[in-house]
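The sequence and structure are shown first.

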Amino acid sequence: MSADDAPGPDHARTARPTGAAALPLLERVTRQALEEDYAHVAARRRAREAADPDRADGAGGAGDEAGRGLRRAAVVAAVFGLLVATAAVQTSRNAATDETSRTTLVGRVNEGRDRVTELQRRVAELRETTDDLSGDLEDVVAAEGAAVGEVEGLRLLTGYGATAGPGVRITVDDSRSGRAEGRVRTSDLRRLVTGLWEAGAEAIAVNGLRLTARTAIVTSGQAIAINTRSLTAPYVVEAIGDTRTLQVDLDRTAYGQAFFTVADLVGLQVEADNVARLQLPAPADPVLRYAEPSTPTTSPEASP
Amino acid sequence: MIAALGLLIGIVLGLVLEPSVPLGLQPYLPIAVVAALDAVFGGLRAYLDGIFDDKVFVVSFVSNVVIAALIVYLGDRLGVGGQLSTGVIVVLGIRIFSNMAAIRRHVFHA
């Protein structure tokens with residue numbers, strides 16, 4: 001549709017002084033609603049008929065021509081109908097599809113919402129459980145702390161923990177004479193240790209080996225052994241206790257007196273010093289296979 | 001009469017066969033239909049005016065359909081498909097209405 005119009009009959013009738021180019025768009029669209037080609041072709045045909053009236057009067061040819069034209073128009077009309085029907089079918093089919101997908105989507109949204117609700121409920125539940133468990137954990141941690149403290153105390157009491165404190169270090173060595181009877185014997189060491197326990201020592205180690213309730217001082221061939229570990233002279237006996245009274249009390253006990261008497265007799269070298277801070281190691285952890293804890297009510301009946 | 005028969009046959013064919021349009025062409029079908037509608041009403045008016053010509057009708061029909069589809073396709077490529085379709089529909093609608101008015105004048109002599 002070109003801007004400079006051909007001077008058609010319509011146009012000539014309504015031409016304005018302003019000219020075709022200035023025609024408002026809407027008005028131009030309305031005026032040129034009919035394809036101009038129809039007017040052109042009609043004008044040309046009229047001109048041809050005017051120039052050659054004989055051919056135009058050939059009625060049979062013209063009828064043929066008109067019939068063919070109508071058939072052509074019918075074919076185009078059929079195509080048009082096909083287009084319209086197809087578009088309508090397509091649109092309705094699409095509408096059905098859209099509705100289906102919309103329904104599906106709505107269903108999925110609802111499903112998702114349900115799941116969110118469910119999950120939120122579970123979150124709340126789990127949070128509650130977590131709170132409960134945290135409370136339990138705190139209880140357990142507190143109980144563990146108490147138990148650890150108790151174990152530490154028991155270790156100290158039973159001699160199964162490393163300990164430190166003031167005490168006496170007594171070094172015993174063979175006599176300088178080098179004679180056989182001048183050697184330190186197991187019984188000497190036993191007497192000394194027993195005397196120390198009696199004098200109030202709270203923890204004792206010999207040559208760095210801690211003495212516990214399961215310790216035995218034995219003779220192993222020529223040497224003295226604590227359980228299975230052989231010792232060599234000099235024997236360093238470290239005892240934690242009251243430094244002011246421990247040595248004096250040791251002298252007063254029967255075992256202490258016996259030890260010092262024998263030591264004087266065979267000429268053992270004995271040296272006793274108060275030490276402000278002794279470090280006694282922990283013994284190897286005991287492996288108890290048969291002994292098990294027993295309640296205080298049954299133990300008095302079982303023990304005799 | 002024969003044209004109306006053709007139209008009827010076309011519609012029936014379309015409804016019976018339900019031809020499926022390729023997915024790529026689906027957006028252009030409605031606008032092509034509107035363009036075809038314009039061509040058909042133009043042809044009808046020309047027929048009533050007595051200046052109908054089958055060649056012009058065929059050419060205007062085909063070119064209307066093709067050009068309308070092309071414009072929308074171009075708009076889609078440029079990202080203004082919706083606006084261009086609206087413009088095409090407006091122009092074609094106005095033409096259809098004014099052609100209808102002319103046809104009405106012919107039919108009812110009013």
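In strand 8 of chain A, A:Asn274 is the bridge partner of A:Val168. This pair belongs to the antiparallel pairing of strand 1 with strand 8 (residues 269-280) of chain A, which extends over 10 bridges. Two strands are taken to pair if DSSP finds at least two bridges between them. The strands themselves are DSSP runs of E with at least two residues, and the helices are runs of H or I with at least four residues, both numbered from the N terminus.

The model is a predicted one, in which local features need pLDDT of at least 70 and side-chain atom pairs count only at pLDDT 80 or more, while totals for chains, interfaces and linings use all residues. Residues are numbered from 1 along each chain as its sequence is written, and chains are lettered from A and ligands numbered from 1 in the order in which they are written.

**Strand pairing in chain A**

Strand 1 (residues 163-173) of chain A also pairs with strand 7 (residues 235-240) of chain A, in the antiparallel sense and over 6 bridges. Within this pairing, A:Gly167 has A:Ile240 of strand 7 as its bridge partner, and A:Arg169 stands opposite A:Glu238 of strand 7.

Strand 5 (residues 223-226) and strand 6 of chain A run antiparallel and are joined by 3 bridges; A:Ile224 has A:Leu231 of strand 6 as its bridge partner.

The pairings with stated bridge counts are collected below.

| Strands of chain A | Sense | Bridges |
|---|---|---|
| Strand 1 and strand 8 | antiparallel | 10 bridges |
| Strand 1 and strand 7 | antiparallel | 6 bridges |
| Strand 5 and strand 6 | antiparallel | 3 bridges |

In total, chain A has 9 helices and 8 strands. Of its 304 residues, 18% are buried, a residue being buried if 20 or more other C-beta atoms lie within 10 Å of its own, exposed if 12 or fewer, and partly exposed in between, with C-beta atoms placed from the backbone. Among contacts in chain A between residues at least 6 apart in sequence, 78% join residues at least 24 apart; a contact requires C-beta atoms, placed from the backbone, to lie within 7 Å.

**Helices of chain B**

Chain B contains 4 helices and 0 strands. Of its 110 residues, 35% count as buried. Residues 24 or more positions apart account for 67% of the chain B contacts with a separation of 6 or more.

Helix 1 (residues 2-17) of chain B has 16 residues and reaches 22 Å from its first C-alpha to its last, close to the 22 Å expected at 1.5 Å a residue; the expected span is 1.5 Å times one less than the number of residues. The buried residues of helix 1 are B:Ala3, B:Gly6, B:Leu7, B:Gly10, B:Ile11 and B:Gly14. Seen down the helix axis, these buried residues fall within an arc of 130°, so they line one face of helix 1 of chain B. The arc is that of the directions from the helix axis to the C-beta atoms. On the other side of helix 1, B:Ala4, B:Leu5 and B:Val16 are exposed. B:Glu18, which follows helix 1 of chain B, has a positive phi near 45°.

Helix 2 (residues 29-49) of chain B has 21 residues, which should span 30 Å at 1.5 Å a residue, and its end C-alpha atoms are 30 Å apart, in agreement. Just after helix 2, B:Gly50 takes a positive phi of about 85°.

**Contact between the chains**

In the model, 32 residues of chain A are in contact with 40 residues of chain B. On the chain A side, the elements giving two or more residues are helix 2 (25-31), helix 3 (36-51) and helix 5 (59-158). Helix 5 of chain A supplies the largest share, 21 residues. The chain A residues on this side divide into 23 nonpolar, 5 polar and 4 charged. In this division Ala, Val, Leu, Ile, Met, Phe, Trp, Tyr, Cys and Pro count as nonpolar, Asp, Glu, Lys and Arg as charged, and the others, Gly among them, as polar.

Note on methods: Contact = placed C-beta atoms within 7 Å.
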